[in-house]
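Let's walk through this one together, starting from the backbone pairing and ending up at the ligand.

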Amino acid sequence: MRRIGVFGGTFDPVHNGHLIVAENVKDQMHLDTVLFIPSKIPPLKDKSLITEKLHRLNMLNIALENNSSFEISEIELQRSSEEPSYTVDTLLELRNVYASELVKFYLILGMDQLINLEKWKEPGKLFLLSEVIIINRPGYLIQQVENDYGRQSIYVPVPNVEISATDIRYRVQENRSIKYLVPDKVEEYIKKNKLYL
Ligand code: ATP
């Protein structure tokens with residue numbers, strides 16, 4: 001059975017926090033693959049503020065190029081409708097994509113996501129389609145997720161990495177350093193393409 005981690009996000013931009021936690025979950029849960037799934041229009045984010053999908057995808061490709069266990073799925077970016085993408089639909093679609101293989105999906109969610117889960121489309125169904133893994137994130141306490149969803153999830157402790165894409169975007173705008181917060185080549189890409197100015 002192939003064990004596949006499903007790690008969705010805006011990745012605007014992908015940063016070392018994403019890479020560190022994904023590698024830790026892969027290691028602790030013995031995953032074969034972690035699938036990074038950039039979202040087209042995140043249902044709970046302001047879509048006018050999201051960077052063009054091609055840039056987000058290019059940065060992910062650069063960031064993941066030297067880890068053979070990390071893959072990218074364009075399943076959400078390729079959706080034709082202007083509708084936002086919902087994780088429950090993505091998991092259903094992934095079942096079809098991998099229909100010829102024996103696979104188990106592990107949906108990786110930061111604690112900030114779990115707290116919001118009741119606002120998601122059909123949250124209960126996520127637990128039928130995958131094992132839900134919760135990882136810690138600075139600023140969020142495990143006590144905050146002592147709800148029904150938290151109890152059905154597997155908590156995987158990862159190093160607390162205080163990096164967020166929001167902070168990186170602010171830093172670039174204010175001409176401050178983002179060195180060591182993103183891979184070097186992602187930093188170069190951001191500069192070259194004048195992103196987040
Ligand atoms: P933004 O600041 O723009 O909201 P973000 O840094 O939260 O972005 P996303 O692409 O929205 O990044 O996150 C994708 C997934 O990664 C989410 O499940 C989020 O909880 C998780 N995540 C992001 N950064 C960290 C971190 N530093 N530690 C743990 N989990 C993280």
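## The sheet and the ligand

Gly-110 stands opposite Ile-135 in β5. Before going on, a word on the model: it is predicted, so local features need pLDDT of at least 70 and side-chain atom pairs count only at pLDDT 80 or more, while totals for chains, interfaces and linings use all residues. Residues are numbered from 1 along each chain as its sequence is written, and side-chain values use heavy atoms, with hydrogens and water left out.

Back to the strands. The open sheet has six of them, in the order β3-β2-β1-β4-β5-β6, and the pairing is parallel. At the edges sit β3 (70–72) and β6 (154–156), each of which pairs on one side only. From one strand to the next, the twist averages 30 degrees, with axes taken as lines fitted to C-alpha atoms and angles running from 0 to 180 degrees between N-to-C directions. Two strands pair here if DSSP finds at least two bridges between them. The strands (E, at least two residues) and helices (H or I, at least four) are DSSP runs, numbered from the N terminus.

| Strand pair | Bridges | Sense |
|---|---|---|
| β2 (residues 33–38) and β3 | three bridges | parallel |
| β1 and β4 | five bridges | parallel |
| β4 and β5 (residues 131–135) | five bridges | parallel |
| β5 and β6 | three bridges | parallel |

Which residues face each other across these pairs? On the β3 side, Phe-36 stands opposite Ile-72. Arg-2 has Val-103 as its bridge partner in β4. Moving across to β5, Ile-108 is partnered with Ile-133, and Ile-135 has Val-156 as its bridge partner in β6.

How covered are β4 and β5? In β4 (residues 103–110), seven of the eight residues are buried, and in β5 four of the five are. Buried means under 20% relative accessible area, exposed means over 50%, and partly exposed is in between (1.4 Å probe, protein chains only).

Now for the ligand. There are 21 residues around it, and Asp-112, Arg-137, Val-161, Ala-165 and Thr-166 come nearest; a residue is near a molecule or strand if one of its heavy atoms lies within 4 Å of it. Sorted by class, that shell has seven nonpolar, 10 polar and four charged residues. For the bookkeeping, Ala, Val, Leu, Ile, Met, Phe, Trp, Tyr, Cys and Pro count as nonpolar, Asp, Glu, Lys and Arg as charged, and the others, Gly among them, as polar.

Which polar atoms sit by the ligand's oxygens? An N or O atom in the side chain of His-15 is 2.9 Å from a ligand oxygen. A polar backbone atom of Ala-165 is 2.8 Å from an oxygen of the ligand. For Thr-166, an N or O atom in the side chain is 2.4 Å from a ligand oxygen. On its own, the ligand has 600 Å² of accessible area, and the protein covers 93% of that; these areas come from the Shrake-Rupley method with a 1.4 Å probe, and for residues only the protein chains shown count as cover. The elements that give two or more residues to the shell are β1 (2–9), α1 (16–28), α4 (111–115) and α7 (165–173).

A few loop residues deserve a look too. Between β1 and α1, the loop holds Phe-11 and Pro-13. Phe-11 has a positive phi of about 50 degrees although it is not a glycine, and Phe-11 is buried, with a relative accessible area of 2%. The peptide bond from Asp-12 to Pro-13 is cis, with omega near 0 degrees.

Tyr-180, in the loop between α7 and α8 (184–192), also isn't a glycine and has a positive phi of about 70 degrees. Is Tyr-180 buried or exposed? Tyr-180 is exposed, at a relative accessible area of 65%.

Finally, Asn-136 is in the loop between β5 and α6 (148–152). Asn-136 is buried, with a relative accessible area of 10%. Its side chain reaches the backbone oxygen of Val-158 at 2.8 Å, and a polar contact of 2.9 Å joins the side chains of Asn-136 and Asn-160. A polar contact is a pair of N or O atoms within 3.5 Å; within protein, one must be able to donate a hydrogen and the other to accept it, and residues adjacent in sequence count only if both atoms are side-chain atoms.
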